[in-house]
Amino acid sequence: GTALTTNTKDEAAPRASALVAVKKSHIKYDLKQFGHLDPMKLNNTAQHSKLSLFFNRVPKVGSQSTMELLRALSYKNGFTFHKDRPQKVENIKLTAREQKRLVGLVDIFRPPSVYVKHVCYINFTTFNTTQPIFVNMVRDPVERVISWYYYVRAPWYFVERKAAFPELPLPSAAWLRKDYETCVLTGDRECSYREGDERPDFAQLTEFFCGQDKKCTGFNTDYALQKAKENVERHYSVVGVLEDINTTLTVMDHYMPRFFKGAKDLYWNEVQRFSKVNRNIYKPPVSEKVKDIVRKNFTREIEFYEFCKRRLYMQYAALNLENDLS
């Protein structure tokens with residue numbers, strides 16, 4: 001999974017989100033099991049001497065909405081917001097030289113600052129540079145690949161891409177017409193998720209957290225899973241969960257207040273603005289039967305998602321907040 005095609009429409013235009021506004025947290029989690037946790041033990045932010053935040057966003061996890069939220073919060077909370085510009089082919093894996101250049105760029109921004117880019121985790125300390133605070137989002141891995149599948153087939157997506165990069169060929173009608181269920185059931189290469197595969201469609205969440213090592217690229221591998229978990233524990237302040245935006249924003253506010261103070265209120269007060277970003281209106285339903293077929297190949301991806309979810313709820317439980325999340 002190395003190349004990601006990005007979207008280039010004018011920033012201000014509302015861009016169709018993976019985010020369907022859900023006011024109530026609908027992931028049932030028994031918070032009592034976490035007992036009396038110490039939030040400081042679960043707070044990586046405290047160990048950071050430098051207030052720079054790096055959001056190495058995963059595609060199709062509501063990251064566009066989170067990015068727009070951060071942009072709005074930058075005015076409110078007084079930090080600078082930077083994002084990379086769209087590229088024809090966005091590489092989430094960088095050469096050592098490209099990594100060094102990116103590390104240098106992020107290091108130059110005067111704190112407090114936020115930098116946003118679709119890229120796999122980079123360890124800044126290997127370049128003798130202070131590590132920023134990392135943050136990201138995850139989403140049910142199977143729902144995420146279905147979302148991506150239809151996203152790249154949305155008419156506005158390739159029309160915009162063509163407008164920005166005229167030399168790009170238009171996709172074939174057959175490819176555009178192919179629906180996800182048929183793609184899975186006919187054993188089409190695009191929808192066969194084989195262990196160790198290098199995929200062009202970012203089917204694995206773990207790659208973004210595992211890092212720049214070549215061994216992180218293979219789909220659904222044990223190496224990518226273990227390294228991704230280790231990096232989340234060590235280097236990520238918060239990894240939010242798209243399906244529970246309230247818990248996510250509450251935890252972000254408490255663990256990274258310099259950036260996320262007031263995030264939940266701002267999100268819901270201006271939710272219309274955020275939730276329409278990048279939403280794909282053309283997304284046929286996919287049956288549970290087909291999703292179950294796909295899930296069988298996403299074992300480690302699902303394990304990673306559950307790991308991130310559990311960590312988020314532990315961070316929330318440790319805050320001992322009495323109020324309901326509604």
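User: Happy to start with Arg153: is Arg153 buried or exposed?
Analyst: A quick note on the basis: this is a predicted model, where local features need pLDDT of at least 70, side-chain atom pairs count only at pLDDT 80 or more, and totals for chains, interfaces and linings use all residues. Residues are numbered from 1 along each chain as its sequence is written, and side-chain values use heavy atoms, with hydrogens and water left out. Buried means under 20% relative accessible area, exposed over 50%, and partly exposed in between (1.4 Å probe, protein chains only). Arg153 has a relative accessible area of 3%, so Arg153 is buried.

User: Which residue meets the side chain of Arg153 in a salt bridge?
Analyst: A salt bridge is a side-chain nitrogen of Lys or Arg within 4 Å of a carboxyl oxygen of Asp or Glu. For Arg153 the N to O distance is 2.8 Å, and the partner is Glu190.

User: Nice! How does Lys178 count at 18% relative accessibility, buried or exposed?
Analyst: Lys178 forms a salt bridge with Asp188 (3.1 Å, N to O). Lys178, at 18%, counts as buried.

User: And what is the N to O distance between Asp84 and Lys117?
Analyst: Both Asp84 and Lys117 are buried. Their side chains meet in a salt bridge, N to O, at 3.3 Å.

User: How many salt bridges does the structure hold?
Analyst: Besides pairs, there is a network of salt bridges that links Glu143, Glu288, Lys291, Asp292 and Arg295. For the structure, the number of salt bridges is 20.
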